[in-house]
Amino acid sequence: MRGLKYQLKSILRDKFCLMTFLLPVLVAVALNFMGSIDLSTLGELHFGVLKNDLSPQTVTWLERYGPVTAYETQEELTAAVKEPSTNVIGVKADGDSIKTAISGDELDIFQQAAATLPALYEQRAEAELVKVLTLERPDILESFQDIFIPAVLIVAMFMGCTFNAMNIISEKEDGVAFINEILPMTPSQYIFQKVVVGFLFGSLSSIVTACICFRLSWQNFGLLLALIVLSSFVAALIGLFIGKLSEGLMIGVVYIKIVMLLFLAVPILCALIGPSGPLAVICNIVPSQPAFDGIMALSAGNTGTAVKDVGILTVHCIVWFSLYILILQKR
């Protein structure tokens, strides 16, 4: 128990660990309560005109397609059009028609709009006679919403790995690791002392995140809880491996980043590509893949797939635990 109290004190002193435990919860709150991100304004047209150059009717016509900004001088208008961070289309009077000016570094959609605008202006009378059917704007991020939430949960489960690895590395740098080598502890006692805090906090962070993001039945929530517990345990064990293999802080951070990328990249690519056959089996070697797949299956109501993924994670727990015990006994 004294070892666990020491680990808890270490967490309270380490602001990085506290931030990593709380970050997934904050992201889950943002995804759940702030709604989807509206990206429609990124494709909106913006026009720049000279003051008193265009008639009020023309300015009103332009405002139907996007906001119009009036500039005092030609230099100000030219600077706004050439500004790399904007896609402003300059519009000037050209007799009874209009002409446009762009810098040339805009996206293709804005360049095409600038080229089409004068012809559209000349045919504005005929265009007003055409009936326009306004369709409901699709949510750009809706199709990815089912991927965001499991990805946040994977990050929450990974926090135990980060804490355990950084904890062992800091003990090496402070000399505490030499004291641990002469203490009368069995390998199982050492693993329990090192795993339990990262495992518990990673599980707690994941459970809170899941409660915010999901509304599941008790049966499905039990399966989700099993996925969370097994994934957090595997992540905590992997943190022990990283801590043992790392000779210094910077090397440990590099290992953590590599493992984190694997934990996120493999399941997301599998969700987008949908591999089958031997490739799907190979992807399950990464522990986050069955966890991600099980969470996706539960959100879709497929309990059979979730049960299969729980079995795969159980095998991961046994293999990683046995491997670490074997390494400790040899040392």
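In this predicted model, helices α11 and α13 cross in a right-handed sense. Helix α11 spans residues 249-273, and its axis comes within 8 Å of the axis of α13, the two crossing at roughly 50°. At that angle α11 is therefore oblique to α13. On the α11 side, the contact is formed by Leu 262, Phe 263, Val 266, Pro 267, Ile 268, Cys 270 and Ala 271. The residues contributed by α13 are Ser 288, Gln 289 and Phe 292. Sorted by class, this contact of α11 with α13 comprises 8 nonpolar and 2 polar residues, with no charged residues.

Helix α11 also packs against α10, at an angle of about 150° and with the two axes 9 Å apart. Because angles over 145 degrees are classed as roughly antiparallel, α10 and α11 are assigned to that category. The crossing of this pair is right-handed. From α10, Ile 238, Ile 242 and Leu 245 meet Gly 252, Tyr 255, Ile 256, Val 259 and Phe 263 of α11. The contact between α10 and α11 contains 7 nonpolar residues, 1 polar residue and no charged residue.

The lining of the largest cavity consists of Ile 154, Met 157, Phe 158, Ser 231, Val 234, Ala 235, Phe 263, Pro 287, Ser 288, Ala 291 and Leu 313. Two or more of these residues are supplied by each of α7 (145-174), α10 (218-245) and α13 (288-299). By class, the lining has 9 nonpolar and 2 polar residues, and no charged residues.

Thr 58, Trp 61 and Leu 62 of α3 are in contact with Leu 117, Leu 120 and Tyr 121 of α5. The residues of this contact divide into 5 nonpolar and 1 polar, with no charged residue.

Key:
Residues numbered from 1 in each chain as written. Predicted model: local features only at pLDDT ≥ 70, side-chain atom pairs only at ≥ 80, totals over all residues. Heavy atoms only, no water. Contact = heavy atoms within 4.5 Å. Helix = DSSP H or I, 4+ residues; strand = E, 2+ residues; numbered from the N terminus. Nonpolar A, V, L, I, M, F, W, Y, C, P; charged D, E, K, R; others polar. 1 Å grid on protein atoms, 1.4 Å probe; cavity = no way out; pocket = protein on both sides within 12 Å on 5 of 7 lines; lining within 4 Å. Axes fitted to C-alpha atoms, helices over the stretch in contact; angles between N-to-C directions. Parallel < 35°, antiparallel > 145°, perpendicular 65-115°, else oblique. Left-handed = near helix turned anticlockwise from the far one by under 90°.
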